[in-house]
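Subject: Structure handover

Hi,

Here is the structure I promised to pass on. Please open it first, then read my notes below.

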Amino acid sequence: MNSIKENERADVIVLGGGLAGLTLAIQLRQARPDTSVVVLERGRPPFPDAAFKIGESTVEIGGQYLVRLLGEDYLERHQIRKSGPRFYFPSQRNEDITTRLEYGTTDFLPIHSYQIDRGRLENELWARAREHGADVREACKVLEVTLAEGDALHEVAYERGGERRVLQGRWVVDATGRAGLLKRKLGLERPSPHKAGAAWWRIQAKTDVNTWSSSEQWRGLAPNGHRYRATSHLMGDGYWVWIIPLPSGGSSFGIVAHPDYHRFNDYRTFDRALNWLRQHEPQCAQVIESQRHQLLDFAAIRHYSYGAERVFSPQRWALVGEAGVFIDPFLSPGTDFIAIGNTMVTTMVCKQLDGEPYAHYVEFANATYLQLYQLLLPWFEALYPTLGRKQAMVLWVAWYFAMYMSIPATLFLHDRIANMEFMSTMQGEIGRLAQLAARGIALLKEFGDRFDEPDAARFVNLSALEHLIALQRELCGANAEKLDDEGVRALVHRNLEMLEATLIEYFDRIAAALEIHPGTRNINPYAVSLDPERWAEDGLEHTHDARREDVASSIRALWYSS
Ligand SMILES: Cc1cc2nc3c(=O)[nH]c(=O)nc-3n(C[C@H](O)[C@H](O)[C@H](O)COP(=O)(O)OP(=O)(O)OC[C@H]3O[C@@H](n4cnc5c(N)ncnc54)[C@H](O)[C@@H]3O)c2cc1C
C-alpha cells in the first residue's frame with residue numbers, strides 16, 4: 001500500500017462518523033466556528049433506511065440534544081415524536097395483550113423525544129456537519145493512532161482507496177463505537193459486572209400494538225396513535241422485548257435478557273429468537289411470523305455492557321459514545337451519554353484551543369462522566385430480576401424517571417452538567433441523589449422478590465405523575481426560564497425534596513403491603529430498607545415528617561395492586 005504523508009493538520013480528528021462522531025463535529029463547529037474538524041468514517045453514505053444501526057429510541061436528554069443540533073422542525077418532519085415508554089407486564093401465557101397490566105402515557109410528555117431511523121439520521125448528520133464546515137470523509141478506514149507527548153501533534157493513519165494516508169491533529173476523539181480503536185490501543189477496556197445480552201432485527205412492516213386486539217374499550221385507552229409511537233416493552237422474568245416504530249415505515253424489535261434467566265444461545269439467531277418468542281411472547285411471535293418475509297437484518301451480542309478506565313485525557317484525546325462505556329439499553333440512555341460526553345469534549349477542546357488552562361477541566365469531566373456510569377450501573381444490574389414483577393416495576397420506572405428528571409436532565413437542560421465551576425459545588429447534592437437512588441433500587445428489588453402481586457388487566461397512567469409532568473413543563477420550551485447558578489441550585493434542592501418524599505411514600509406503602517411496621521411516622525428516606533434489624537442502626541426514625549401531599553397524591557395512581 002502506498003503511504004502518503006498529508007500536509008494537512010486539523011484541530012480535531014474524529015475517528016468514526018456515527019451518531020457520536022457526527023454530532024460532536026457539528027457541536028464543535030457551532031461552539032467554535034474556527035475549529036478545523038476532520039471526521040474519518042469507513043462507511044460510505046447514503047446509508048439505508050431502517051436496517052442500519054441500533055439505538056433508535058431517545059429520551060429527554062438525548063432527544064433535546066438532537067433538537068439543539070438539528071432543530072425541532074427536522075425531527076418533527078423526518079423522525080417520529082415518541083409517546084414515552086410503554087410497558088406490558090406478564091399475564092397468563094401472554095397470548096392476549098388486553099389481559100396484561102399496561103403502563104404508559106395518555107399524551108406526549110412535555111419534553112419531546114424521538115424514535116429515530118438511524119440511516120436517515122446519519123445521512124442528515126453528514127449533510128449538516130458538512131454545512132457547518134466539518135471535513136467529513138467517507139470510505140476512510142482508520143488504521144492506527146500515534147499519540148504525541150507534550151505539545152506535539154498526534155498522528156492518525158488511515159486507508160482510503162488502497163492508499164495509506166497520515167493526518168496530524170491537536171486532538172484525537174475516538175467515536176468508532178464498539179470497535180473502540182483508541183480504547184483498545186491504550187488498554188483502557190474494563191469489563192462490566194452486568195452480563196445481560198441482546199438480539200435485534202428490523203422488519204419492513206408497520207407494527208402497531210394497538211391492533212393486537214379488536215376490543216374498542218382497550219383501544220380507547222390509548223387514542224391518537226400513542227401505543228404506536230411509544231417504545232413498547234413486553235416484560236417478563238429476566239427479560240424485556242422492545243418494539244420501536246421506525247420513521248421509514250418499518251419496525252425494530254429486540255430481545256434483551258439476563259443469562260441467569262435466559263440462555264443467549266436460545267435467541268442468538270433469528271429462528272431461535274422466534275422460537276424463544278413463541279414460548280415467552282406468543283402474541284408478538286405471531287405478528288413477527290406473519291411479517292418474516294419482510295425481515296431486513298438480525299444481530300446479537302452476548303454481553304453488551306462494558307466500562308473504561310478513562311474516557312478523557314489532558315494528553316488531548318477522548319472517547320465518546322460507545323467507544324467509551326455502555327451500560328444497558330433499558331430506557332435508552334445511550335444518546336444521553338453521547339450528549340453529555342460530547343458537551344464535555346466540546347468544552348475541553350475549546351478551552352485548550354483558546355489557550356486557556358484545560359487539564360483540570362479534563363480531569364473533572366473524566367471523573368464526572370465515569371461517576372455517572374458508576375452511579376447507573378448498579379441500578380441496571382439490580383433491574384433484571386425485577387423486570388417481570390408488575391407492582392415493583394411500575395414503581396421502579398417512576399422512581400427512575402423522577403431521579404433522571406430531578407438532577408441529570410435538569411442539569412443538562414440548564415446547561416450545567418458540563419460546567420466544572422458549578423458542578424464542583426454540587427457534590428453534596430449528587431451524593432444525596434446517589435444515596436437515595438441506592439436505597440430506592442434496593443427497596444424495590446426486595447419488594448419485587450417478596451410481594452405476591454395480583455394479576456390485573458389495568459392501565460396505569462404515567463401521565464398522571466403530575467409533579468414530574470410539571471417539572472418537565474418548567475424545563476422546556478417557552479417556560480424554560482434561564483436561571484442563574486443559585487436558581488438552578490434551588491431547583492435541584494426542591495427536586496431532591498421531592499425525591500425524598502417519594503421514597504418515604506414508597507416505603508410507607510411497601511411496608512404496609514408486606515405487613516411490616518416501622519413504629520414511627522417520621523421516616524428518614526436515607527435509611528429505608530425492609531430489614532427491621534437495620535432500622536435503628538441506619539437511623540430510620542427522622543427528626544421530622546418529610547412527606548409531601550402533592551407528591552403523595554401524584555403517585556397514588558401507581559398503587560394499582562391495592
Ligand atoms: C442492544 C442495544 C440497544 C440500544 N438501544 C438504544 C436506544 O434505544 N437508544 C439509544 O440512545 N441508544 C441505544 N443503544 C446505544 C446506541 O447503540 C449507541 O448510543 C449509539 O449507536 C452509539 O453511537 P456511536 O456513534 O458511538 O457508534 P456508531 O453509531 O456505531 O458509530 C461508530 C462509527 O465508527 C465507524 N468506524 C468503526 N471503526 C472504524 C475505523 N477503523 N475507521 C473509520 N471508521 C470506523 C463505524 O463505521 C461507525 O459509523 C443501544 C445499544 C445496544 C447494544
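Let me start with helix α9, residues 282-291. Of its 10 residues, 7 are buried, so the helix is largely enclosed by the rest of the structure. Bear in mind throughout that this is a predicted model.

Which residues of α9 are buried? They are P282, Q283, C284, A285, V287, I288 and Q291. An α-helix has 3.6 residues a turn, so residues three or four places apart point the same way. The buried residues of α9 pack against several elements. Two are close to the helix in numbering on the page: α8 (270-280) and β16 (295-301) are both in the set. The others are β12 (197-203), β13 (231-236), β14 (239-245) and β15 (251-257).

Next, the cysteines. C284, one of the buried residues of α9, has a relative accessible area of 1%. The cut-off for buried is under 20%, so C350 counts as buried too, at 14% relative accessibility.

Now the domains. The chain is divided into three parts:

- Domain 1 covers 3-54 + 118-190 + 305-359.
- Domain 2 covers 80-114 + 195-301.
- Domain 3 covers 444-558.

I looked at how domain 2 meets domain 3. Their centres, taken over C-alpha atoms, are 29 Å apart. Domain 2 gives 19 residues to the contact, and domain 3 gives 15 residues. Together the two domains bury about 1400 Å² between them. Carbon and sulfur atoms account for 64% of that area. On the domain 2 side, Y103, P110 and I111 lose the most area to domain 3. Together they make up 37% of what that side buries.

What holds across this interface in polar terms? The rule finds 0 salt bridges there. It does find 6 residue pairs in polar contact, both residues at pLDDT 80 or more. Strands β4 (85-88) and β5 (102-104) each supply at least two residues of the domain 2 side that touches domain 3. The largest share of that side, 3 residues, comes from β5.

Side chains of opposite charge can pair when their charged atoms come close. Here are some of the pairs.

R81 forms a salt bridge with E76, with the closest N and O atoms 3.0 Å apart. E76 is partly exposed, at 31% relative accessibility.

D455 forms a salt bridge with K390, and here the closest N and O atoms are 3.3 Å apart. D455 lies in the loop between α14 (427-450) and β20 (459-461), while K390 lies in helix α12 (residues 390-413), so the pair ties together parts 65 residues apart in sequence. Buried or exposed? K390 is buried, at 7% relative accessible area. D455 is partly exposed, at 48%.

R494 forms a salt bridge with E474, the closest N and O atoms being 2.9 Å apart. R494 sits in helix α16 (residues 485-513) and E474 in helix α15 (residues 466-475), so this pair ties together parts 20 residues apart in sequence. R494 is partly exposed, with a relative accessible area of 31%. E474 is also partly exposed, at 31%.

One last item: D508, R521, D545 and R547 are linked in a network of salt bridges.

Best wishes

Note on methods
Residues numbered from 1 in each chain as written. Predicted model: local features only at pLDDT ≥ 70, side-chain atom pairs only at ≥ 80, totals over all residues. Heavy atoms only, no water. Buried < 20%, exposed > 50% of the residue type's maximum accessible area, 1.4 Å probe, protein only. Helix = DSSP H or I, 4+ residues; strand = E, 2+ residues; numbered from the N terminus. Contact = heavy atoms within 4.5 Å. Domains from an automatic or database assignment. Buried area = accessible area lost by both parts, 1.4 Å probe. Salt bridge = Lys/Arg side-chain N within 4 Å of Asp/Glu carboxyl O. Polar contact = N/O pair within 3.5 Å; in protein donor to acceptor, adjacent residues only side chain to side chain.
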